[in-house]
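User: I'm new to this structure and would like to learn how to read it. Could you walk me through it?

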2 protein chains.
Amino acid sequence: MQALRSYIDQYTSTTISDADFAQILAAFVVKKLRKRQYLLQEGEVCKYYAFVEKGALRQYTVDDKGTEHIVHFAVENWWTGDRESFIMLTPSRYNIDALEDSQLLLITQAGLQHLLSQVPSFSLMVRELDQRNYIATQKRLHSSISHTAQERYEELMRIHPDFLQRFPQHMLASYLGISPETLSRLRQKVFRE
Amino acid sequence: MQALRSYIDQYTSTTISDADFAQILAAFVVKKLRKRQYLLQEGEVCKYYAFVEKGALRQYTVDDKGTEHIVHFAVENWWTGDRESFIMLTPSRYNIDALEDSQLLLITQAGLQHLLSQVPSFSLMVRELDQRNYIATQKRLHSSISHTAQERYEELMRIHPDFLQRFPQHMLASYLGISPETLSRLRQKVFRE
DNA sequence: TCTTTTCGTTGACATTTAACAAGAAGCGTC
DNA sequence: GACGCTTCTTGTTAAATGTCAACGAAAAGA
């Protein structure tokens, strides 16, 4: 719980009141997920947006050939969920599952709307969050359009060194949009240089 | 001006009051840009976020080899600007220039903050906008990670058929992250199929 | 109108990456 | 500790894509 409070304080650059935080907390439910359990499966509507208190999850699609494509990792103090499905109530294309035993705080669309209209600092936090998400996603998009696979791997090393320790390489490859074999060969090359 | 008003009504699912709209309009200035003129150049801080009333612009980087990488096209009723630079006041990596003679509505960071705190419907509109941007960018990212160049081109045909008419092919290639030659060959193949 | 620039296509070749297959090392589970 | 599963690596071959160069058509500018 404390994690969410620090998070809000940090991203709103304020100190939230106990009353406000109590109201926020009331809109969330705690959910524990064991490794390999799903938060969302393809075809379902995403009913919950989740704040990660502990653990790690991945958001990915599976194509016709059975290959997984990871669009997003969520670790402590990150959010996860399929925003499009959550808002539009459309079936999701994504799967989200736990890579480690995890503890999440879940909020429904109704709960979110309630907080947005009632708690200004929460509203502010969501705006910051969206901005950051948008900027981060745009950066990754730019990277994937204009950089080589090797450059993208080196960028990942710089920006998320923790990911390299925490997730298996074939998942990092999927996240970068390359095959596990290519990543393996790239690593040798980067290492030699 | 009317374009912005319709846009806000549409994305907030409300009808905005004359008073609110007058306040919103007061925060913007009209700017005309002729083809090839810049709204933003690499290294500058992005001082204005822009709503496109008429015309078309592109947001892109130029790499060491002089190759351009287009991350975003903005046409009528779209927004453009480097969000990161605009918020953080950091020098931008991007160039934004007009592909046609264009008319824009510009707003400064101060103007934006003022409206966000004073006009709830504007605030709502910005939230919707951010959400849509985030979702759209995430979709493109997913596409660029998990689809082939040909699939991405076909997707572009489906989602933005107007782009194919409006922008030269080498820019579409840049937007897709492939070389102009590859796009030319892809088109033949798609056409044959 | 004439000239210049931009644009799209095509060919030849190089480079990057994927696909498939095999094997070894590490890990968890029973 | 034995087994099975996951992970990572390596080799080989094929496919996709980039690069360089040339050409002609179209568009823009003078």
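Analyst: Let's take the sheet, the pairing of the chains and the salt bridges in turn. This is a predicted model, where local features need pLDDT of at least 70, side-chain atom pairs count only at pLDDT 80 or more, and totals for chains, interfaces and linings use all residues. Residues are numbered from 1 along each chain as its sequence is written, chains are lettered from A and ligands numbered from 1 in the order in which they are written, and side-chain values use heavy atoms, with hydrogens and water left out.

User: What is the strand order of the open sheet in chain A?

Analyst: First, the terms: helices (H or I, at least four residues) and strands (E, at least two) are DSSP runs, numbered from the N terminus. Two strands pair if DSSP finds at least two bridges between them. Here the four strands run β2-β7-β4-β5 in chain A, and the pairing is antiparallel. Strands β2 (38-40) and β5 (68-74) of chain A are at the edges with a single partner strand each, so one side of each has no neighbour in the sheet. From one strand to the next, the twist averages 30°. For angles, axes are lines fitted to C-alpha atoms, for helices over the stretch in contact, and the values run from 0 to 180 degrees between N-to-C directions.

User: How many bridges join β4 and β7 of chain A?

Analyst: Four bridges, between residues 57-62 and residues 95-98 of chain A. Within that pairing, Gln59(A) sits opposite Ile96(A). Chain B joins in too: its helix α5 (residues 120-146) packs on the sheet and touches β4 and β5 of chain A, at about 135° to the direction of β5(A). Contact means heavy atoms within 4.5 Å.

User: What rotation superposes chain B on chain A?

Analyst: Copies are superposed by least squares on the C-alpha atoms of residues with pLDDT of at least 70 in both. In this model the rotation is 180°, with 0.0 Å of shift along its axis and an RMSD of 0.0 Å. That is how a two-fold axis relates two copies. Both copies use the same surface, as 100% of the contact residues of chain B recur in chain A.

User: How much area do chain B and chain A bury between them?

Analyst: Buried area is the accessible area (1.4 Å probe) that two parts lose on being put together, summed over both. For these chains that's about 3,300 Å², 61% of it on carbon and sulfur atoms. Each side supplies residues to the contact: 31 from chain B and 31 from chain A.

User: Is Gln131(B) buried or exposed?

Analyst: Buried means under 20% relative accessible area, exposed over 50%, and partly exposed in between (1.4 Å probe, protein chains only). Gln131(B) has 10%, so it counts as buried. Beyond its neighbours within four places in sequence, it touches Arg83(A), Ile87(A) and Asp130(A).

User: How many salt bridges are there between chain B and chain A?

Analyst: A salt bridge is a side-chain nitrogen of Lys or Arg within 4 Å of a carboxyl oxygen of Asp or Glu. Two are counted between the chains, and Lys139(B) forms one with Glu84(A), at 3.0 Å from N to O. Over all chains the structure holds 18.

User: Which residue forms a salt bridge with Arg83(B)?

Analyst: Asp130(B) does, at 2.8 Å from N to O. Arg83(B) is in helix α3 (residues 83-88) and Asp130(B) in helix α5 of chain B, so the pair ties together parts 47 residues apart in sequence. Arg83(B) is buried at 7%, and Asp130(B) is buried at 1%.
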